[in-house]
Amino acid sequence: MSLSYAIASRVKDYFMMMKFTLTFLVVFSCVVAYLLVPGVEFDLIKVLLLFTGGILVSGSANIINQILEKETDKLMARTAPRPLPAGRLTVSEASVVAVVTGATGIAVMGFTFNWLAAGLSLLSLVIYGFVYTPWKKWNSLAVLVGAFPGALPPLIGWAAGDNALSEGGWALFAIQFLWQFPHFWAIAWVAHTDYTRAGFRLMPSDRGPGKMIALQSAMYALLLIPAGVAPYLLGLTGYISAIVAILIGCFYLYRAINLYRKCDVPSARKLMFGSYIYLAVIFLALLFDKVK
């Protein structure tokens, strides 16, 4: 094995631990929230720095999650190939990467933007890595606990631009907070067998996937429609974003209702992919319809 191949393989494992694709979507909402702050203009260097800081902090939280769940990951087909359960990386090496990425990301947020954004980033990392992760084996409230760090990126982005926790940031936080419940329950539905084998208790019902969970998903999706209109009502965006928020909210709600009607894995998978579409569309709509 050549040295260059070994280095490339190791870097690939680092990216896998950081869950780069999922982290990218989360940090995307952070950047959009920053750009939505009144008076903030697009600055490529600052956007790249915010993106980098967010990727590093979120990546660190994901690595901590995988360190603590190394043995559990061995039990699930989806996670067994990850670097730690597969034995390609040691816990010590992963720990070093988690500390370096987390500390660097928080420093980027603090020195480039402000320490409010850095503090929120640290809070998100701690809750996700050390509260949500172990809670997954205790009871289904883990989903509620995990929704808080999952919804913090827009608030972090807003704080980076405004250096305050004003109503605009909280409106964006609410969108991502409510979005997570149908999103996560759809994932838990699809991966129910694996999660059960690993001992994770992520469904709000002990009976597992069923109409009650689908109904709750639909309720959260319904709440997202007025939440998506809130930035317009606060004067952050124009009426076009409100129309898009209603339309994409109805799309998300339709997917959740369809899961309630059919109660099957294909419908859950459609809701899961629909959640990614929803988040991308609504944040892009808000960004492009920002009130100047």
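Q: At roughly what angle do the axes of helix H8 and H10 cross?
A: In this predicted model, the axes of helix H8 (residues 167-190) and H10 cross at roughly 155°. They come within 9 Å.

Q: What does that make the two helices to each other, roughly parallel or roughly antiparallel?
A: Angles over 145 degrees count as roughly antiparallel, and H8 and H10 are therefore roughly antiparallel to each other.

Q: And is the crossing of H8 and H10 left-handed or right-handed?
A: The crossing of these two helices, H8 and H10, is left-handed.

Q: Turning to H3 and H5, within what distance do their axes come?
A: The axes of helix H3 (residues 44-68) and helix H5 (residues 91-112) come within 8 Å. Their crossing angle is roughly 150°, and H3 and H5 are therefore roughly antiparallel to each other. The crossing of H3 and H5 is left-handed.

Q: Which classes of residue make up the contact of H3 with H5?
A: The contact of H3 with H5 has 14 nonpolar residues, nine polar residues and one charged residue.

Q: Now the surface: which residues make the nonpolar patch?
A: The patch is made by Tyr232, Leu233, Tyr239, Ile240, Ile243 and Leu247. Its area is about 660 Å².

Q: Where is Leu247 placed?
A: Leu247 lies in helix H11.

Technical notes
Residues numbered from 1 in each chain as written. Predicted model: local features only at pLDDT ≥ 70, side-chain atom pairs only at ≥ 80, totals over all residues. Heavy atoms only, no water. Axes fitted to C-alpha atoms, helices over the stretch in contact; angles between N-to-C directions. Helix = DSSP H or I, 4+ residues; strand = E, 2+ residues; numbered from the N terminus. Parallel < 35°, antiparallel > 145°, perpendicular 65-115°, else oblique. Left-handed = near helix turned anticlockwise from the far one by under 90°. Nonpolar A, V, L, I, M, F, W, Y, C, P; charged D, E, K, R; others polar. Patch = residues over 30% accessible without salt bridge, like charges linked within 9 Å, V, L, I, M, F, W, Y side chains within 5 Å. Areas by Shrake-Rupley, 256 points an atom, 1.4 Å probe, with all protein chains shown as cover. Salt bridge = Lys/Arg side-chain N within 4 Å of Asp/Glu carboxyl O.
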